[in-house]
Amino acid sequence: MVLGQPLRIPCEDSMNDVSKSITKLNHKSKMFVLRERAVSLLPKLFNAWRITHLVFEKDTDAYGRERDNEVMALAKKAGVEVITKSGRTLWDSDDVVKAHGGKPTMSISQLQAAGAKLGEIAAPIEAPKSLPDPGEMSLDFEQTQPEPKSDINEHFREDREKTYSFGIAGPNGDFSVPPLEELGMKPATTPHRGGETIALEMLDEILADEEYTGTFEKPKTSPAAFEPQSTCLTSPYLHFGALSCRYFYHKADEVVQKRRKAKKSVSEPPTSLTGQLLFRDMYFAAQAALGFSFGQTYNNPNCRFIPWHLPSKIDLNTKLVTGDYEIDDEEKEIWFQRWAHGKTGFPWIDAIMRQLRYEGWIHHLARHSVACFLTRGGCYISWERGAEVFEDLLIDHEAASNIGNWQWLSCTAFFSQFYRCYSPVAFGKKWDPDGGFIRKFVPELKDMDKKYIFEPHKAPISDQKKAGVLIKGDGEEAERNGLKLYPMPIFDFPTQRDICLQGMKSAYSVGLHGNDQKVLDGTWKEAFDDNGEGPTEGRKGGPGGLTTFEEADGAEEASHGHPTPKKGNVERSSDSPKSTRGRKREHSQSTLDASFKKKAK
DNA sequence: ACCCAGGTTGCCTCC
DNA sequence: CGGAGGCAACCTGGG
Ligand SMILES: Cc1cc2nc3c(=O)[nH]c(=O)nc-3n(C[C@H](O)[C@H](O)[C@H](O)COP(=O)(O)OP(=O)(O)OC[C@H]3O[C@@H](n4cnc5c(N)ncnc54)[C@H](O)[C@@H]3O)c2cc1C
């Protein structure tokens, strides 16, 4: 294998597990990991190892497609035959798009209709029963070093050059799976472990509970449940390829059919388990249809234009986001940072964001709560900022699902009922009436009376002291005079919800999309009331929601990128979701590939 | 053209 | 405490 995968614990586990499975079939073999970017390494390898065939799984992520096209061209040049397999989704996403008239699938019924045209979902391919010997692996060529300063995962790496310092075959010269430390990643805090063995065990346990599997209704599962969670937690395994979605689908469907025959109750898509996998395919197909533009507002025909705060900067040459954003209002940057670090002063939101940061997985409805809160139902900050934080923190990060769901929650695509707005108080109370989830992830509040735990700033000082905590400040200070501190809320929610609702209403009536001329040329501002929510003042703005065209192309240096460069009082810590230059929204995180600057075309 | 039902997962008040 | 209906009102698809 050529190293180019996200590098969290579940990834390392997945690689070790697959390596063991290979060795079981042939004791001379294992997973051989080469420390270099595919595009620079493979041409050298084709030669040195006299390679005749290259086999890999098709990837419809825009970034993956670009890389794979490059690799295929190099293989062709070297006379190497390429074989690709499509098994990441239920149906091949390009086939789904074709069956849907070349358009992105925007609802489950559209996906189902396209799927019906394509026929049965293929059965998963059996694991091999034997494997050939690995052959000779000479290293008679130079390792190409990464260019400095382009690693999107910089803030998770302690020593980003380390990976390469041991040479292509790693520290022991044996091509073994690199542990996180070799890659310079900080030790992982997640309790979730990866690998096919665990994935199959987990799935077996789920399937053995036929009532759970057969009557699963997603909206009825609790976002506050932990150890164990209320849903399958299969998403990281599906992402890393440790579990086949087709295997999962057919196995779950078998249980449903069996219950049907026995006249027992069953659930139906979209709420059923198989329905969940259909959503996954829907987002993959939408992404396959739109490519890079799927991951951003600008130039995306499918994404509604809303004048969000903290809009993405645009490279006008490539029409892609640069990875940096404009701070149109310093207060919104502070809200964003406090959201990202679980210090909003809304315990339900903070508990979720801290579970995300610490464990890397949160329940679907928890994702709804915090995504709605950041965008249309609280801060009115661009969904693209939220998607970037999720990309950094999720162990199940999947570009198509992450982007698509952020659009759903922000009512920019897939979903439009913006008047259905989650409350950070009421929604939490519904699922966690005693506050157990909050006590677990916001331990400052663990002794707070349940009467106040969702709005602790409303607790009388005497109750706060009884619980050993003072509600005060902005979350920077953790303790004072032996009492823990928990921040005041960043804003009054009912007020902010109304502001957002008004903003959404007017943005919907303006009715612009990411590829409309007005969004491309900045005249979108004319269509918005100066006093409306978001950076709407004036008649001429920048591309895609920026306030100005100046410095919009992302090629310049970082320090003077903001039109209002007042210093905020939120320090960007090393693991803050700081933005990075020259990065496309849609590619898998933490890849070694990404640590090389792409050649200018 | 128009109406109407449906859309995985809202909140609040009233009975 | 649980369910129904109001709230204000989005879009798509079918008839
Ligand atoms: C803002 C936001 C961001 C998200 N980002 C991601 C992401 O980066 N990666 C990701 O896999 N999912 C993402 N999701 C979708 C969903 O929340 C997770 O897939 C789900 O919570 C994973 O938990 P599970 O495996 O227990 O799901 P289950 O409910 O057990 O579902 C089974 C499988 O179906 C798939 N699935 C379920 N719901 C969705 C969905 N809405 N969209 C796509 N696939 C789904 C997952 O692969 C999941 O493992 C996001 C949702 C939101 C609202």
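This is a predicted model: local features need pLDDT of at least 70, side-chain atom pairs count only at pLDDT 80 or more; totals for chains, interfaces and linings use all residues.
1. Several helices (DSSP runs of H or I, at least four residues, numbered from the N terminus) line the ligand.

2. Polar contacts with the ligand (pairs of N or O atoms within 3.5 Å) involve the side chains of Q276, at 3.3 Å from a ligand nitrogen, and N402, at 3.4 Å from a ligand nitrogen. The side chain of W361 has an N or O atom 3.2 Å from a ligand oxygen. The protein covers 99% of the 820 Å² of accessible area (Shrake-Rupley method, 1.4 Å probe) that the ligand has on its own.

3. Strands are DSSP runs of E, at least two residues, and two of them pair if DSSP finds at least two bridges. β7 (483-486) pairs with β5 (469-471) in the parallel sense over 3 bridges, and L485 is the bridge partner of L470.

4. β6 (479-480) pairs with β7 in the antiparallel sense over 2 bridges, with E479 opposite K484. The two strands form a hairpin with 2 residues between them, and N481 in the turn has a positive phi of about 50 degrees.

5. Residues are numbered from 1 along each chain as its sequence is written, with chains lettered from A and ligands numbered from 1 in the order in which they are written. Local features need pLDDT of at least 70, side-chain atom pairs count only at pLDDT 80 or more, and totals for chains, interfaces and linings use all residues, while side-chain values use heavy atoms, leaving out hydrogens and water.

Notes
A polar contact is a pair of N or O atoms within 3.5 Å; within protein, one must be able to donate a hydrogen and the other to accept it, and residues adjacent in sequence count only if both atoms are side-chain atoms.
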